[in-house]
Amino acid sequence: MIKIIKHSCLVMLSALVLFSCSKKDEVTPEPEVPKPDVEVVDKDITAITKKIMDNSTVIKTFVSDTTIKIAEGLHRTSIRFKRADELPVAIYILEADLKNSKLEMQTITPYNDLIYGVQPISQMARDNEKPGTKIMAAINGSPFAASGDPTGVYYVNGLGIKNTVPTTGTFFAYYLDRSTKIGGRDLKTVQRTIDYTKIKEAVAGTSWFVDNGVKATYTDVSISARTAIGYTSDKVVYSIVVDGAQTTYSNGLSLADLRDIIASLGVIDAINLDGASSSTMVIRDGTQQKWNLLSKPAGQERFVANGLAFVLKD
């Protein structure tokens with residue numbers, strides 16, 4: 001009798017377990033939410049990233065990208081990838097089509113003043129906006145001394161504040177007719193012909209990336225945050241900011257890496273601007289008059305000497 005009761009209990013217990021398991025199997029599990037630090041590889045690649053991957057070898061492993069229209073003729077692309085050494089990198093690209101007559105470029109200065117000084121680019125954009133225009137995006141410009149004195153050519157709204165060109169220096173110029181030029185000694189050490197009377201805006205750069213379609217040669221393999229600017233033959237200006245010095249997020253690129261990326265976009269001329277902690281890109285907040293930091297400098301946004309803004313006329 002005792003054995004029968006025990007057997008019945010075991011049968012009932014087994015039935016309960018089976019019923020419980022059956023009901024559990026019927027419950028739809030909640031989808032797993034990736035942890036913030038988990039790397040999710042994007043399946044879609046934007047046109048500008050594809051162009052870089054097709055025409056250079058800098059991107060070994062593509063992670064993610066986005067392209068957003070900021071204004072008519074102005075787009076920004078953010079790309080995350082891994083270098084050949086598996087180090088992660090984040091870069092930001094502005095593509096400005098100056099064939100759009102409402103899109104212009106403007107030198108921005110600390111506190112909208114012509115006196116040498118320093119100020120973060122996000123604040124410069126706020127202080128330099130003029131009536132009838134909107135500063136849609138901006139990047140950092142010239143290398144500079146501690147006083148804010150730029151190392152080379154510096155023009156603001158047609159006024160030449162500084163015309164000095166260091167022997168190995170360059171500069172980016174935006175003419176009154178809305179064309180763009182790069183001045184300084186070219187890769188053959190020949191001084192480029194520049195009509196200074198036509199310059200409306202200009203900031204100093206350092207070395208060449210591309211000179212008349214020819215890529216500069218670099219042997220330095222050190223990586224850092226960097227800023228580059230260049231233009232195509234059909235009036236498209238590309239500005240690139242690279243984040244650096246952040247081991248798990250973005251380590252930076254070498255000069256040769258950045259040269260290859262901007263060259264892959266089809267520029268005929270391109271130069272290196274101030275880099276390292278100066279490298280900055282800001283985008284206008286569409287809902288209010290402030291400029292958000294798109295790039296992520298290691299530490300706080302740096303106070304710099306000047307910048308270049310992309311401006312939309314009303």
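Helices (H or I, at least four residues) and strands (E, at least two) are taken as DSSP runs and numbered from the N terminus. On this basis the protein contains four helices and 18 strands. The model is predicted, so local features need pLDDT of at least 70 and side-chain atom pairs count only at pLDDT 80 or more, while totals for chains, interfaces and linings use all residues. Residues are numbered from 1 along each chain as its sequence is written, and side-chain values use heavy atoms, with hydrogens and water left out.

Of the 314 residues, 50% are buried (under 20% relative accessible area, with exposed over 50% and partly exposed in between; 1.4 Å probe, protein chains only). The accessible surface of the protein is about 15800 Å², by the Shrake-Rupley method with a 1.4 Å probe. Carbon and sulfur atoms account for 56% of this surface. Contact means heavy atoms within 4.5 Å. Among contacts between residues at least 6 apart in sequence, 66% join residues at least 24 apart.

Two strands pair if DSSP finds at least two bridges between them. Five strands form an open sheet with antiparallel pairing, in the order E4-E18-E5-E16-E17. Strands E4 (103-108) and E17 (291-293) stand at the edges; each has a single partner strand, so one side of each lacks a neighbour in the sheet. From one strand to the next, the twist averages 30 degrees. Axes here are lines fitted to C-alpha atoms, for helices over the stretch in contact, and angles run from 0 to 180 degrees between N-to-C directions. Within this sheet, E16 (residues 281-284) and E17 run antiparallel and are joined by three bridges. Arg284 stands opposite Trp291 in E17. Helix H3 (residues 121-128) lies across E4, E5 (133-140), E16, E17 and E18 (307-313). H3 runs at about 115 degrees to E4.

Strand E10 (residues 199-205) is largely enclosed by the rest of the structure, because seven of its seven residues are buried. E10 pairs with strand E8 (residues 170-175) in the antiparallel sense, over six bridges. Ile199 in E10 is the bridge partner of Tyr175.

Helix H4 (residues 255-264) is mostly covered, with nine of its 10 residues buried. Among them are Leu255, Leu258, Ile261 and Ile262, together with Asp257, Arg259 and Asp260. Gly266 follows H4 and has a positive phi, near 90 degrees.

Aromatic rings of Phe, Tyr and Trp (its six-membered ring) pair if their centres lie within 6.5 Å; planes under 30 degrees apart count as stacked, over 60 as edge-to-face and the rest as tilted. The count comes to four aromatic pairs. Ring pairs link Tyr155, Phe171 and Tyr196 into a cluster.
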